[in-house]
Amino acid sequence: MNEEFFQRTTIEVAENLLGMLLCRKMADESVQRCLIREVEVYDGVEDKASHAHKGKTKRNAVMFGPGGYWYVYLCYGMHWMLNLVTEKEGYPAAILIRGAGDYGGPGVLTKKLNISHSLNAKLCSEQSGLWIEKNLASHPYTTLRTPRIGIDYAGEWALAPLRLKMAERC
DNA sequence: AGTAGGATCGCG
DNA sequence: GCGATCCTACTG
């Protein structure tokens, strides 16, 4: 994936991300490929649920940079959250990857794939050991949109249908 | 320097 | 429904 892919609107990238493969080079040089099933959109400074809402800080600085980089941070003192930065330089936005492969929940995902702070601000590319690939064997699915998880404090933004989930077509 | 509050999880 | 657990950001 090149920067053209990541620097579109966040919702666009999120829709594309579903059904693609999250690829991780493990310590033993093997590569794990996980189908991305669930993501959440955090778009702009207006969004009260976004870390960018309170302005640029040392932690969230990556969100303000160009799309195509990983934003990894610690949550609740024990879980690493994996986000993909989107949009152009100066516009803070990211997509939280909540579920991929058989791993449900953002904290479980990063634990299984051995993802932590060392990947923060790294490029989403094979050279960094964590990247995205198109899924050549994709199955048909529909996209389910619901409110995001764990952000009740965000007022009206807590209701916005910014969680995208892959659902089997029936 | 001290502190409040999380984009969670797994066990009851 | 709750406790674990620690970093960040904000306050004084």
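Which strands and which helix each supply at least two residues of the lining of the largest pocket? The structure is a predicted model, in which local features need pLDDT of at least 70, side-chain atom pairs count only at pLDDT 80 or more, and totals for chains, interfaces and linings use all residues. Residues are numbered from 1 along each chain as its sequence is written, and side-chain values use heavy atoms, with hydrogens and water left out.

The elements in question are strand E2 (31–43), strand E3 (70–75), strand E4 (79–85), strand E5 (93–100) and helix H3 (106–112). Helices (H or I, at least four residues) and strands (E, at least two) are DSSP runs, numbered from the N terminus. The volume of the largest pocket is about 480 Å³. A pocket is an open set of points on a 1 Å grid over the protein atoms alone, where a 1.4 Å probe fits, with protein on both sides within 12 Å along at least five of seven lines; lining residues have an atom within 4 Å of a point. The volume is the space filled by probe spheres set on the points, which are joined across faces, edges and corners.

The lining holds 23 residues, and Tyr 73, Cys 75, Met 81, Ile 149 and Gly 150 are the closest to the pocket centre. By class, 14 are nonpolar, six polar and three charged. Ala, Val, Leu, Ile, Met, Phe, Trp, Tyr, Cys and Pro count as nonpolar, Asp, Glu, Lys and Arg as charged, and the others, Gly among them, as polar. Cys 75 is buried, at 17% relative accessibility. Buried means under 20% relative accessible area, exposed over 50%, and partly exposed in between (1.4 Å probe, protein chains only). Arg 59 lies over the face of Tyr 73, 5.4 Å from the ring centre. For such a contact, NZ of Lys or CZ of Arg is within 6 Å of the ring centre and within 35 degrees of the ring normal.

A second contact of this kind places Arg 8 over the face of Phe 5, at 4.8 Å from the ring centre. Phe 5 is buried at 11%, as is Phe 6 at 2%.

No disulfides are counted, the criterion being a pair of cysteine sulfur atoms within 2.5 Å. The sulfur of Cys 23 is 8.2 Å from its closest cysteine sulfur, in Cys 34, too far for a bond. Cys 23 is buried, at 0% relative accessibility.

Val 45 sits in the loop between E2 and E3. Its relative accessible area is 38%, so Val 45 is partly exposed.

Note on methods. Chains are lettered from A and ligands numbered from 1 in the order in which they are written.
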